[in-house]
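The sequence and structure are shown first.

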Amino acid sequence: MAYATRLGLWGSHHTHYPTFDTFQSVLEKRGVGAMEMLALEMKRKGMFIARTLSWDGARFDTVTVHLTSRQVMKYNYAVKWWNNLKVMIQSSLDFMNLTHSTPKTLWRAYWSAHQRFFREMCICAKIDEVVKQAKEYLKKGDHAVIIGLQSTGEAGLDVAMQDICQEMNTSMEDLELPSLVSTCASIMTNIVRNHFPVALPPPEEPKIPPIPPNGFGTEFDRAEYLRLTALAGRIKSMPPPAPIPELVERRNIILASIQNLDLPPNPLDDIIDRLGGVENVAELTGRSGRILRNAQTGKYHYVKRLGANSKHPSKKTYGLSMPIHSSSDDDDMDRENIVEKKRFMNGFKSVSIISDAASTGISLHADSRCKTSHKRRVHFTIELPWAADKAIQQLGRSHRSGQASAPIYKMVVTSLGGERRFAAAVSKRMANLGALTKGDRRAATGTDLSQFDIDSIFGRRALTRVYTCLRQSPPIMAPSRNGNAILDSFIAAATITSNSVDKPGDKTVQRMSALLAASDGLEEVGLNDRDASVKVFLNRIAGLYVSRQNLVFSLFMSTLDDVIADAKATGEFEGSVEDVKATNIALQGSPEIIATDGDGSQPTMLTKIKLDRGISFDDMVKTMIRDEAANAKDHKNKNALEEEDGNVKSIQCAKTGFYISKRKIAGRFLIMYAKRKVNLSKDSQLHLDPLGLMIITRPNTGKNPCEMRSRDLLYKYQLIVPSSFLLKHLYDNNASLKGDENGTKEKSITDDVGKIREHKPKLCKMWDKAYDESNCLEHNAGLAPRISYMGLITGAVLHILPVLEKAVLFLRHSQRSLRVIRVELTGSGQRLVGIRFPLEAEALAKFKILLNQNALSLKRNTLSFIDEQCIPIDEKAVAWTTTPQKTMKSYFGIASSSKQSLNNNSMKRKEPSPDSLHSPFVATKSLNTSFNKRREPSHVSPHSSIVARDRKKVKITQTKSIASFFSKKT
C-alpha cells in the first residue's frame, strides 16, 4: 500500500500518520485485527473492492496423520544418517585443519538439504492416509478426488535415474525397475557428492578494485592494481586441488550407506500407482517424465510425457494459458495437461493431481455444464506452499462460480512438530491476506488456521524461555506450567537408558533425564539460545528422533500457551479479532456519534452492548431434548444413554445430567449441567469422547468454553438427576423425541419442560434461584454476574486510534488492551466489528477531551484541494478526436469515387442495351464491351490478341469499384 498516497490515509496533512512508516507500525502493533478494521473502513469509503467467491457450503477438515511404527523406524534411521553425515563433515574439516575457516556455503547447503529431505519425508508419510480416504470417497461413487502438492521431485528423479542408467549401462526408456525410485535418496546423494569436503579449497581470488574514472592518483595505486590482477590470473590458471584419498573413501562409504536405508518412493509416482495408474489418475503437472508400472510384467519403466523435449529440457511452458499461435514443441506439455483436465471433467478419470504448474488457469470444480457435476470434489492438500496466494490459488481450482456443489477441503498434516514450520508460514500469510481483502482473517480460506500460526513475538518469547530452561546444567525445571505432564508422557512412552530413571517412584530424576534428552536433541541439530528464531527452530527439530522431536515441540507449544495466557491477562495480547459469545447479545440504546473522519464522510460511533451469559432452566431442558433428538437420528448414537452406562464404566466417566457441589462455595451450593463431550469421527459419525471430558453449563455463566475431566467433576460434585432418567420419563409417549413437524415439535418440547418442572420441583427451584440472583453486574451471593456491558468503537476508527491509546493509559494494565471485537446480535443476526473500550465514566470523559483536541488538529490539517491551471488544448488531439474513424468501406469508397470522376471526364458512356439489363453488372459490362469494340483492330496477330485479351481483363477490373462490390455483397 505504500504507493497509494492519494488514499489520504497518511501524509503531511495527517496529524497521527505523517508518513507511511508510522501508519504501518501502528497496524503491525495491532496485528491482524487492525488490518481487518482497515479493510472494513476502506470498503465503507469506497476505496477498496475485493471480490472473492464465498466459501459458504465448503467444508474444511484438518487431517492429522500419526506415523506408524514402520514409518517411525524409517524416520529415525534417516535422522541417524544425517547426524552421522554432520559428524563426518566436521571430522573431514578437522583433518584438513579447516575448523576455523569453514567454507560459508557448506553448512548452508547442509541445512538446506536437511530441510528439503525431512519435508519430503513428511509428505511421504501422508500417502497411506490420503490413498485410504481417497478410495473410500471413490467407492461411494458420488465424489471426485483432487490431490494438491507443490513440487514433483523431477530434479531428484532425473539424478537418480541417470545414476541407475550409468550403473547398468542402458538408457532411461529401456530401463526396468523392480520398484519406484526414492527422491529422498537423491537429496542425500546430491549433498554428499557436491558438498562433502574431499580436498582443500582453492585459494580465494583477491578483490580487484575498479579503475577510478579519472585514472590512478598515484603510481603506487597503479602498481597495486596490476599486482592484484596478475595474482588473480595466476589463481585462475592453477589446477584444482587434488582429492585426498582418505576423504574420498569416507565419501564412498557414506554414499553406500544410503542404499541400506529403506526410504519411501517419490510421492507423486506412488499416488498414481496406488490409485489405479494413468488410466484412472489425471496428472496436471509440469514434469517431463514419470515412472509407471507395466501391467503385464509388473516392472516399472520410465515414460516420457507428451511434449517432453530432450533437446530443450529447459524451455518455458505457459501452464494452461497457451498462446494460440505457438509451435508444437513448446506447448505439447500444456496440451497434455488440457487433455488430462478434460478427461477428469468428463468422468473418464476420477482422480486429479495438480502441482504448482497447474494451479492457475484451470477449473476442476463440479461445473454444472460438465458430465461430473453430480460428483462433489474432495480436495486433499498434502503439501503447503511458502506463499499464501499460491495456496489460495490452488484451493480455488476446485471452488469456482457455477459449481453444483461446494468442495470438501482436507488439510493433511502429520503429528510431527517439524512440519508445523510450513503450516505456520502459510497460515500467517493467509490470515493477513484474508484480513486485508475481506476484513476477516478467515476469509482467505473460509477457515481459521490460527492454531498453526506460531511464528510471532510470543513464539519467540516462548522459545527463549525453552532455551533458558534446557540450557541449565543440568536442566531441573520444565519451561511451562504443564511441562511435568508432558515429561511424564514422554517417560511412559519412551525408554530412557539410565539407572536413575529405572528406579520406581523417582519422578524428579526421571523428569530431569527427559529434560536432558530434550537438551541433547537441541545440541544435535545445532540450536542454541543465541538464535531465538522460530523458523530455524522448527526447521532444525525435524532432524530429531520422533520421540525427542515431539517432546521438544510439546514443551515449546505448552510454553507458548503460557506466554499467550500471561499476555492476555496483562492486556498485551491483541493479535487477532476476538469473537464475543453470550446467550443473549443486544444493543443498549442507540449508537452515539462521537467523531467523524477527516473528510466528514464516515462517522465514528460508540455502541453500548448488553451481554447476558446465563441460561434459564427452560432453555437448558430444551437444549437437552434437542440434543437427544439430534443424536437419535444417528444409528450409532441412537442408544447413547445405554452406551454411557454400559461401555464406559471401565474408565469411570461421569454421566450426563445435573450436578451439585459437595460442599458450599462462597456460602452456597453450586448447581450445573454436565454433558459428555461428543467427537466427530473420520466417517462423519458422532462418538462419545473416550477421555471422559465433560462440557459444563451453569445458570449464571452459561456454557463454559473449557471442558472438565470426569475425575475432577466427580471429586467436587455429585450427581442429582441423570439426563437419561429425565429423557426416559418423556421418551415413550412424547412427540418431541420422535421428530414430528416443527410446529408440533416445538409445542411438545414446551410441554416437556412443564412436566419436568412438576416431576423435579427442587431441581428447578435451585436452578431458577441461581439464575435470578446472578442478574446483576457484580458478584452476588457467591455467584458471578451474568449481565455485563461492553463499549464498542465502530465505524471509522483509524483516525482516532492514537487517541484511544492515550485515553486508557491511566487505567489498570488489564484494561489498556484495545482489542478488536466481533459480536453478533441475538435475533437480528447483525454483526458489529469494532474496538473494545471501557465504559468507566473517567475513561469516557478523558476520551471526549482528547477527541475535541484531535478534531481541532484535524481541522487545521485537513487536506484541501489545489486549484491548478488548466492545460492548453492540443489542436492535433482535437482534430484527431473529431475526425470520423476510417473503415475499410469508407477508405476504399473515397478511392473509387475519385477514379469514377476521372473516367467520366475522359470518355462518354453508352446507354446499356435492353438485353444486358439482366446482368448484375449492367453498366460495367456495356461500357467495357463498347470500349473494347472501338479499340480492337480488324486484323490482329495471335500475340496482339493475347495482349488485347489481357487489356480487356484489366479494363473490367478497373471499372469494378470495390465500394460497389462490398455494397452488393452486404
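How many disulfides does a search of the whole structure find? The search finds 0 disulfides, a disulfide being a pair of cysteine sulfur atoms within 2.5 Å. The model is predicted, so that local features need pLDDT of at least 70 and side-chain atom pairs count only at pLDDT 80 or more, while totals for chains, interfaces and linings use all residues. Residues are numbered from 1 along each chain as its sequence is written, and side-chain values use heavy atoms, with hydrogens and water left out.

The sulfur of C184 has its closest cysteine sulfur in C124, at 4.4 Å, which is too far for a bond.

| Residue | Relative accessible area |
|---|---|
| C165 | 10% |
| C184 | 0% |

The axes of helix α4 (residues 104–125) and helix α7 (residues 183–195) come within 9 Å and cross at roughly 175 degrees, which makes α4 roughly antiparallel to α7 (an angle over 145 degrees). In this contact (heavy atoms within 4.5 Å), α4 contributes residues including F117 and C124, and α7 contributes residues including C184 and I187.

An open sheet of 3 strands has the order β3-β6-β5, with antiparallel pairing (strands pair if DSSP finds at least two bridges between them). β3 (176–177) and β5 (289–293) are the edge strands, each with a single partner, so one side of each lacks a neighbour in the sheet. Between β5 and β6 (residues 300–304) there are 5 bridges, and G289 has K304 as its bridge partner in β6. Helix α6 (residues 154–168) packs on this sheet and touches β3, β5 and β6.

Conventions
Axes are lines fitted to C-alpha atoms, for helices over the stretch in contact, and angles run from 0 to 180 degrees between N-to-C directions. Helices (H or I, at least four residues) and strands (E, at least two) are DSSP runs, numbered from the N terminus. Angles under 35 degrees count as roughly parallel, over 145 as roughly antiparallel, 65 to 115 as roughly perpendicular and the rest as oblique. Buried means under 20% relative accessible area, exposed over 50%, partly exposed in between (1.4 Å probe, protein chains only).
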